[in-house]
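Biologist: I have a structure open and I'd like to learn how to read it. Can you take me through it step by step?

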Amino acid sequence: MGELADRYAQAFLEAGGDQAQLARSALALEGEAALWEALTSPAVEPEEKRRVLSRLPELAPPGPVSRLFGLMAERGRLPLLPQVVRSARRLSLEAEGGALGRLTCARPLEEEALERLKGALCRLHHLKKVELETAVDPGLLGGFRLELQGVTYDKSVRGGLAALARTLEEGRTQ
């Protein structure tokens, strides 16, 4: 489904859509739980979804956002909207010479440490800008796991223990 979300995002951006406006509209739409459930339900006819969206200009402003929502409703693809928003953000960053990464930590990072990490990643990957989606996973036990441009850096305690177990297992089989 990632490829399909990328295609919707690319078409949206090529049509002159604003990634930030798309993100705001999608967040507002998803924030209305009953409405979002109806819009993503296969039991509701696509034409009815289009009519509802056309009556909500504050959630689907006229222009590229409205057209994207209408097209996705018509084709039963509205459940992909969060992925389309993320793809649009990533594609916009890439067009500016940046990248979008995902950082998972055992505990929240302070803003200063996060900025230092972004700076180091910019230098290492020769990028102008790095944005990170952050999440906290206490199951990592300590450290972090970072994914950026297809590269995964696993500096977590869990990852270190798994690597040690693999090394020990390889030693046993030889």
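Biologist: What should I know before I start?

Modeller: This is a predicted model, so to speak of local features we need pLDDT of at least 70, side-chain atom pairs count only at pLDDT 80 or more, and totals for chains, interfaces and linings use all residues. Residues are numbered from 1 along each chain as its sequence is written, and side-chain values use heavy atoms, with hydrogens and water left out.

Biologist: What counts as a helix or a strand, and what span should helix 2 have?

Modeller: Helices (H or I, at least four residues) and strands (E, at least two) are DSSP runs, numbered from the N terminus. The expected span of a helix is 1.5 Å times one less than its number of residues. Helix 2 covers residues 19-31, which is 13 residues, and should span 18 Å. Its end C-alpha atoms are 18 Å apart, which agrees.

Biologist: Which residues of helix 2 are buried, and which are exposed?

Modeller: Cut-offs come before names here: buried means under 20% relative accessible area, exposed over 50%, and partly exposed in between (1.4 Å probe, protein chains only). In helix 2 the buried ones are Q19, L22, S25, A26 and L29. Seen down the axis of helix 2, these buried residues fall within an arc of 125°, so they line one face of the helix. That arc is taken from the directions from the helix axis to the C-beta atoms. On the other side of helix 2, you'll find R24, L27 and G31 exposed.

Biologist: What covers the buried residues of helix 2?

Modeller: Think contacts, meaning heavy atoms within 4.5 Å. The cover includes helix 1 (2-14), helix 3 (33-40), helix 4 (46-54), helix 5 (64-74) and helix 6 (81-95). You can read helix 5 the same way: P64, V65, L68, F69, G70, M72 and A73 are buried there. Their cover includes helix 1, helix 2, helix 4 and helix 6. Just after helix 5, G76 takes a positive phi of about 70°.

Biologist: Now pockets. How do I find empty space?

Modeller: Rolling a probe the size of a water molecule over the atoms shows where empty space is left. On a 1 Å grid over the protein atoms alone, a cavity is a set of points where a 1.4 Å probe fits but cannot get out, and a pocket is an open set with protein on both sides within 12 Å along at least five of seven lines; lining residues have an atom within 4 Å of a point. Grid points are joined across faces, edges and corners, and a volume is the space filled by probe spheres set on the points.

Biologist: What volume does the largest pocket have, and which residues lie nearest its centre?

Modeller: Its volume is about 180 Å³. Of the 13 residues lining the largest pocket, L100, E147, L148, Q149 and G150 lie nearest its centre. Helix 6, strand 1 (98-105), strand 3 (144-148) and strand 4 (151-154) each give two or more residues to that lining. Strand 1 gives the most, with four residues.

Biologist: How many residues of that lining are charged?

Modeller: Five are charged, alongside four nonpolar and four polar. For sorting, Ala, Val, Leu, Ile, Met, Phe, Trp, Tyr, Cys and Pro count as nonpolar, Asp, Glu, Lys and Arg as charged, and the others, Gly among them, as polar.

Biologist: And which residues line the second largest pocket?

Modeller: The second largest pocket, with a volume of about 150 Å³, is lined by L4, R7, Y8, A11, F12, A15, P64, R67, L68, L71 and R75. The largest share of this lining, five residues, comes from helix 1. Its residues divide into eight nonpolar, no polar and three charged.

Biologist: Where is Q149?

Modeller: Q149 lies in the loop between strand 3 and strand 4. Q149 has a positive phi of about 50° although it is not a glycine, and at 46% relative accessible area Q149 is partly exposed.
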